[in-house]
Protein chains: 2
Amino acid sequence: MSGSGMRMSQLFVRTLRDDPADAEVTSHKLMVRAGLIRRVASGIYSWLPLGNRVLRNVGQIVREEMDEAGAQEVSLPIAQPLDLWKQSGRDEMYGDMMFRVQDRKDTWYALAPTAEEVVTTLVAGEYSSYKDLPVNLYQINWKYRDELRPRFGLLRAREFLMKDAYSFDADLAGLQASYDAMYAAYTKVFTRCGLTFRSVKAQSGEIGGDTSQEFMAVAAIGEDAFVWCEACDYAANTEAATRQQHAEVAMPEQPARERVHTPDMPGIDVVAQHLGTTADLLMKAIAFDVDGELVLALVPGDREVNEYAVIGAFPGQSVRLYTDADFAKRPDIPKGYIGPDFAGAATTIADSSIREPHGWVTGANEVDHHAQHMILGRDFTPTMWAEIALVEPGDLCPSCGRPLRIDRGIEVGHVFQLGDKYSRALGAVYTDDAGAEHPMVMGCYGIGVSRILSAIVEEHHDDGGIVWPAAVAPYQVHIVLLPGRGDTAVTVTAAAEELYAGLRSRGVDVLLDDRDASPGVKFADADLLGMPVQITVGAKGVGRGVIERKIRATGERDELDLATALDALTA
Amino acid sequence: MSGSGMRMSQLFVRTLRDDPADAEVTSHKLMVRAGLIRRVASGIYSWLPLGNRVLRNVGQIVREEMDEAGAQEVSLPIAQPLDLWKQSGRDEMYGDMMFRVQDRKDTWYALAPTAEEVVTTLVAGEYSSYKDLPVNLYQINWKYRDELRPRFGLLRAREFLMKDAYSFDADLAGLQASYDAMYAAYTKVFTRCGLTFRSVKAQSGEIGGDTSQEFMAVAAIGEDAFVWCEACDYAANTEAATRQQHAEVAMPEQPARERVHTPDMPGIDVVAQHLGTTADLLMKAIAFDVDGELVLALVPGDREVNEYAVIGAFPGQSVRLYTDADFAKRPDIPKGYIGPDFAGAATTIADSSIREPHGWVTGANEVDHHAQHMILGRDFTPTMWAEIALVEPGDLCPSCGRPLRIDRGIEVGHVFQLGDKYSRALGAVYTDDAGAEHPMVMGCYGIGVSRILSAIVEEHHDDGGIVWPAAVAPYQVHIVLLPGRGDTAVTVTAAAEELYAGLRSRGVDVLLDDRDASPGVKFADADLLGMPVQITVGAKGVGRGVIERKIRATGERDELDLATALDALTA
């Protein structure tokens with residue numbers, strides 16, 4: 001199959017030298033400057049030819065991996081009867097986030113933010129037996145959310161392209177298999193798109209359901225911070241993240257516990273300085289109320305307690321941080337000077353880092369006093385151990401032991417185990433082999449196709465512009481034709497045209513800059529537009545029988561013999 | 001590239017034996033029965049996997065031909081600012097036909113029925129010089145019309161897939177070239193889709209503009225009748241259609257004019273019978289009022305006058321049929337007995353068929369009397385000649401002289417020369433080489449992508465179901481596996497699986513009916529679903545080392561040697 005070709009003289013694009021006024025983030029700026037998108041209204045864009053090509057390339061990657069995973073492509077309406085949304089209860093749940101439109105007969109429709117209702121009704125109409133299941137249906141189609149503050153270009157748009165898939169199984173084991181297949185497919189999709197990403201266990205949003213995981217593309221402008229390991233696939237929300245546990249180790253000989261006077265010393269650092277030590281050798285004992293009892297959470301002085309972890313340690317109980325009012329009711333608690341051995345605590349829960357083999361500086365359970373050389377097992381013994389310190393960059397990965405990172409992430413995909421919420425509400429039931437009826441067990445799986453473009457540009461750009469990964473690039477090769485003004489212009493142009501035709505005939509998608517523009521303009525545009533390979537065909541080089549290749553990503557340059565360039569470029 | 005494969009046991013489809021209650025036309029019935037689409041709301045459908053595949057195949061044909069014609073693919077928003085539609089005046093023009101939606105900030109949007117406004121604004125923002133032009137942008141995207149009575153499945157849907165292209169040129173000559181390129185591309189698209197179609201000069205609808213042509217797919221259920229030639233590409237609306245002109249020929253010797261008494265004879269046929277002749281040898285003289293004067297339109301007695309042709313013969317004048325009131329005011333006119341030689345007529349305009357070399361029976365300009373042996377040039381001489389008889393089936397084609405047909409047609413495409421209506425309204429101007437500003441000259445070009453599916457099924461079906469043309473078929477080969485119940489079931493299944501895998505590896509898209517169902521059910525479904533080639537792999541055949549091939553379109557059957565079947569099928 002021959003490749004696509006396009007001449008810059010004809011391509012519908014006008015690049016911009018300056019950042020657009022309304023763009024706050026790099027990807028938005030570059031996508032506008034490179035002429036990929038143009039704003040039509042707040043959060044609504046037109047996709048110009050180059051942008052449309054990337055969008056289609058990403059969509060095709062998604063399609064191939066969905067098909068490979070056994071999902072079947074369908075196309076569901078964008079205009080969906082609002083009645084279905086009332087049946088599922090999501091009309092109210094979405095509220096102002098959903099666009100609604102009335103027809104000439106006063107029937108209301110939702111502009112699809114997703115399609116659980118429609119697809120559940122569809123499957124309910126066709127399938128009724130356990131023999132029919134499982135099935136997984138997906139579509140790649142425009143979706144709508146009436147965001148309060150659309151921004152960041154494609155990241156928080158009101159009209160966006162999304163792949164949404166829906167699996168229907170007979171039971172939870174089936175759902176798990178469908179979910180795992182989608183999870184694996186997502187990993188392939190984001191890898192092929194050139195993204196650095198991790199999946200993170202997530203709280204599900206409006207969709208409602210149980211287990212779910214978000215795929216986060218690492219990007220400084222992401223909505224949410226998350227913890228991840230570069231060396232393995234560990235990742236978690238900051239609330240759920242843990243680090244490698246500190247092992248129990250032998251404690252070297254220590255001096256005896258010593259009470260010291262520490263008046264008028266606000267904060268850990270001041271105390272540490274006063275005692276000639278550092279914050280990490282001090283210990284915090286943070287007061288929590290757990291079902292009315294005082295619980296102390298113990299972490300080193302340079303660490304924050306992860307409240308969610310403490311809550312998780314007391315399942316089914318009511319857990320909250322002590323407030324000023326709580327302290328006021330308990331004058332027996334020496335606020336700010338509580339030690340791990342405080343007798344008034346029902347429970348002490350310690351992070352494993354408290355096992356570090358050294359004496360701790362702790363509160364002495366008496367105002368204006370601390371205790372030094374507090375030894376685990378000798379001077380205090382926590383009643384519970386749990387990873388309750390908030391993870392920080394450089395902490396060791398709980399999976400592989402390498403240093404963790406904390407970055408922000410763009411959510412590019414989300415996989416949910418929905419269960420039977422929609423199948424119950426909309427009558428998607430099946431009969432088992434004994435004749436009994438059950439609701440189907442559903443999962444749903446989204447990929448933000450247009451959003452992926454933002455994530456790619458956030459990760460793959462430099463000062464010159466976009467650096468497209470080959471798998472999604474609008475064109476693979478960008479030929480910069482510099483015919484010059486001399487007698488050789490005809491020869492140089494012919495060489496470029498021959499290369500252009502030759503590459504296309506070998507299946508390569510090529511952009512040829514045949515404009516009457518200066519070398520400076522052409523080089524700047526080639527960098528801005530970001531095709532993986534730039535080829536300069538100029539008078540000097542052709543005179544010597546060579547053309548110049550530049551790899552956009554690395555800036556590496558080399559010369560190719562004109563006679564064998566086609567082979568070299570398609571090797 | 002390997003082909004797609006699908007097992008019927010997994011395919012999301014349930015065929016129906018009975019026609020759906022709400023379907024009036026064959027294509028709608030078959031598309032529902034074959035599980036291609038399912039109704040979600042009035043005029044709104046979900047596309048199931050098989051339907052979605054055909055939709056994508058047709059879309060891809062459209063894309064390839066648009067690209068080949070130099071148009072560039074973009075993606076324009078479905079939700080478009082209503083303000084743009086107010087600027088162009090089309091908000092009011094569309095009225096209730098357009099869906100409108102309000103966002104949370106009370107800004108109104110139109111759900112795109114087309115995209116002239118958005119694309120004109122887009123081009124206005126990027127292009128400003130004659131050097132930029134021409135450009136032609138297209139998209140394939142969902143469109144919306146709030147039809148009063150959605151019906152006929154995809155033919156009058158409210159949500160439908162459309163390819164819309166927009167060309168921008170510096171002048172009318174440029175527009176003509178863009179228009180011609182689109183016209184040629186459309187011809188290729190509909191040909192590749194297997195449609196019998198003709199282009200017809202059209203009155204443009206809501207789009208507003210000048211020259212336009214409709215591409216009509218011949219179908220009994222079409223909205224409009226039109227005249228066309230099977231032998232060449234001649235076609236026209238019934239109003240605009242003409243036929244081969246009758247040449248002037250020598251008249252054989254004739255008897256003298258003879259006045260006959262014809263009382264109480266209502267209608268041409270009675271008179272003809274009374275005089276022992278036939279209606280085609282009588283002549284009608286139909287009275288028109290043209291700017292207040294009496295004009296007689298002369299056609300043979302078996303023909304109707306084409307009022308539009310008479311109107312066209314008097315450009316700039318007011319033309320209408322005589323009414324009873326008109327006759328009442330002119331008692332001198334012998335209504336029903338007017339002859340071509342009536343002295344009270346200012347003008348007589350004759351169809352060329354009046355040149356037929358025989359004497360005519362005409363009115364004798366006196367009540368209850370006709371004239372026989374009326375000879376052109378001897379007894380009457382029309383003042384004007386024009387093709388004013390409505391064309392009938394069997395009339396000779398004005399282009400090639402072969403017999404014409406009259407059929408109904410489905411409008412599958414429409415090409416318009418818009419001129420500068422939108423570029424003026426929305427500021428799409430360019431500067432010429434002398435520095436003067438002009439509005440760009442636009443054309444717009446639509447293809448009803450989802451509608452094409454209906455047209456294809458209307459043309460390509462039989463009693464058994466759909467007969468997909470190979471270019472758009474969901475799968476090329478449908479393997480009917482009949483393992484039987486004996487010991488050979490394993491061997492037969494293995495043979496089918498091998499063929500399934502082998503065809504796919506050679507790039508063929510294959511559907512394998514591996515269901516536990518009766519041969520009757522499988523054969524009926526294979527016919528209904530309509531893949532071009534059916535292969536039966538059954539116990540009897542495999543026992544003899546053969547499989548059976550059936551060509552869906554012709555019903556032709558032959559046997560293929562199992563050992564060489566793969567080669568035979570991919571030869």
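**Exercise 1.** Is B:Phe152 buried or exposed?

*Solution.* This is a predicted model, in which local features need pLDDT of at least 70, side-chain atom pairs count only at pLDDT 80 or more, and totals for chains, interfaces and linings use all residues. Residues are numbered from 1 along each chain as its sequence is written, while chains are lettered from A and ligands numbered from 1 in the order in which they are written.

Step 1: take the cut-offs. A residue is buried if 20 or more other C-beta atoms, placed from the backbone, lie within 10 Å of its own, exposed if 12 or fewer, and partly exposed in between.

Step 2: apply them. B:Phe152 has 21 other C-beta atoms within 10 Å and is therefore buried.

Step 3: Phi of B:Phe152 is near 60°, a positive value in a residue other than glycine. B:Phe152 sits in the loop between E8 and strand E9 (159-169) of chain B; strands (E, at least two residues) and helices (H or I, at least four) are DSSP runs numbered from the N terminus.

**Exercise 2.** Classify the packing of H1(B) and H11(B).

*Solution.* Step 1: helix H1 (residues 26-33) and helix H11 (residues 449-459) of chain B pack at about 100°, with axes 8 Å apart. Axes are lines fitted to C-alpha atoms, for helices over the stretch in contact, and angles run from 0 to 180 degrees between N-to-C directions.

Step 1: under 35 degrees counts as roughly parallel, over 145 as roughly antiparallel, 65 to 115 as roughly perpendicular and the rest as oblique. H1(B) and H11(B) are therefore roughly perpendicular.

Step 2: list the residues. From H1(B), B:Thr26, B:Ser27, B:Leu30 and B:Met31 meet B:Ser454, B:Val457 and B:Glu458 of H11(B); contact requires C-beta atoms, placed from the backbone, within 7 Å.

**Exercise 3.** State how chain A is related to chain B.

*Solution.* Step 1: a rotation of 180° with 0.1 Å of shift along its axis superposes chain A on chain B, with RMSD 0.2 Å.

Methods:
Contact = placed C-beta atoms within 7 Å. Least-squares fit on C-alpha atoms with pLDDT ≥ 70 in both.
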